[in-house]
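Dear colleague,

I am passing on the structure we spoke about, and below it I have set out what was found. Please read the notes with the model open beside you.

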Amino acid sequence: MLLEKMLQSQGFGSRKECQRLIKEGHVRINDAICDQPKQKIQTEHLAFQVFGEHYQFREKIYIALNKPQGFECSHQPQYHQSVFALFPEMLIQRNLQCVGRLDQDTTGLLLLTDDGQFLQALTHPRKHVAKVYRVTTADPITPAQLESLTSGVELRNEEGIYRATNVQQLAEYQLEMTIHQGLYHQVKRMIAAVGNKVVQLHRQQIGQLTLPSDLAESDWYYLSEQDIQLAKTQDLL
Ligand code: URA
C-alpha cells in the first residue's frame with residue numbers, strides 16, 4: 001500500500017494532509033523518517049510513528065469501552081456529551097460507530113467499530129447475541145418479578161413476549177439478567193412491565209465477552225482476535 005494511503009486509512013486526514021505529514025518528515029517506520037508519500041509499504045504487522053507517537057496499522061478497529069454515565073451513543077448528542085468525545089480524532093475520522101446503543105445513564109461494556117459486518121453480526125435482530133445487565137431497582141425485588149422476567153413480558157408497541165434468562169437476584173434491590181434482543185430501552189421496559197423501576201443499569205457482558213474488572217470508567221482497549229470471537233458468540237436458542 002502507498003504510504004500516504006496507509007496514513008489516510010488510519011485516520012490521519014485527507015490524502016493531501018497525509019502527503020504533507022510525510023513530506024515534512026513527521027512519519028517514521030523502524031525509526032527511519034519516510035518522506036516519500038508514494039513509497040510502497042507492507043501493512044501486515046506494521047508499526048509506525050507520527051510526531052513521535054507510536055501506532056500499529058489496523059485494517060479495522062474493534063474497541064471495548066467502559067461507558068460512564070452522562071454520555072450519549074450518538075455523533076450528534078442532544079443533551080449530553082457524545083461517547084465519541086472519549087476517543088482521539090483519528091479514530092473518529094475512521095467513522096467509528098457504536099455497536100448498538102446504551103442509554104446516556106447506562107454504564108458498562110460498549111463496543112465500537114468501523115467494521116460494518118461486525119456491527120451487523122452483533123446487532124441484526126436475527127442474531128441472538130446475549131447481553132448481560134446488572135440492574136438496580138427503585139423497589140425491593142420480589143420472587144414474582146423474577147419469575148415474570150423469566151417467563152416473559154409483553155412490551156407496548158412490540159410483538160411477542162420478551163424473556164430474560166439467567167435472572168438472579170444479587171441483593172434486595174439488585175438483579176442480573178440476560179436479554180437476547182436489543183430493543184430501545186429494553187431492560188427498563190421489561191423491569192417496568194413487572195412493576196418495578198430501574199434506577200441504575202450496567203452492562204456486564206456481550207456474547208461471551210465480559211467487561212474487564214480492571215477497566216476504569218471511560219477507559220477503552222482494542223479487542224484481540226479472541227475477544228472479537230467471544231463477542232460474536234451467539235446464544236443457542
Ligand atoms: N436496556 C435499557 O433499557 N437501556 C440500555 O441502555 C440498555 C438496555
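**The pocket and the ligand**

The largest pocket lies between domain 2 (62-125 + 208-232) and domain 3 (131-206), because both give residues to its lining; the domain bounds come from an automatic or database domain assignment. This is a predicted model, in which local features need pLDDT of at least 70 and side-chain atom pairs count only at pLDDT 80 or more, while totals for chains, interfaces and linings use all residues. Residues are numbered from 1 along each chain as its sequence is written, and side-chain values use heavy atoms, with hydrogens and water left out.

A pocket here is an open set of points on a 1 Å grid over the protein atoms alone, where a 1.4 Å probe fits, with protein on both sides within 12 Å along at least five of seven lines; lining residues have an atom within 4 Å of a point. The lining of the largest pocket is made up of 34 residues, and Gly100, Arg101, Leu102, Gly182 and Leu183 lie nearest its centre.

Around the ligand are Leu102, Asp103, Thr106, Tyr133, His185, Gln186, Val187, Lys188 and Leu201, each with a heavy atom within 4 Å of it. Thr106 places a polar side-chain atom 2.8 Å from a ligand oxygen atom, and a backbone N or O atom of His185 lies 3.2 Å from an oxygen atom of the ligand. A polar backbone atom of Val187, in turn, is 3.1 Å from a nitrogen atom of the ligand.

With best wishes

Key
Polar contact = N/O pair within 3.5 Å; in protein donor to acceptor, adjacent residues only side chain to side chain.
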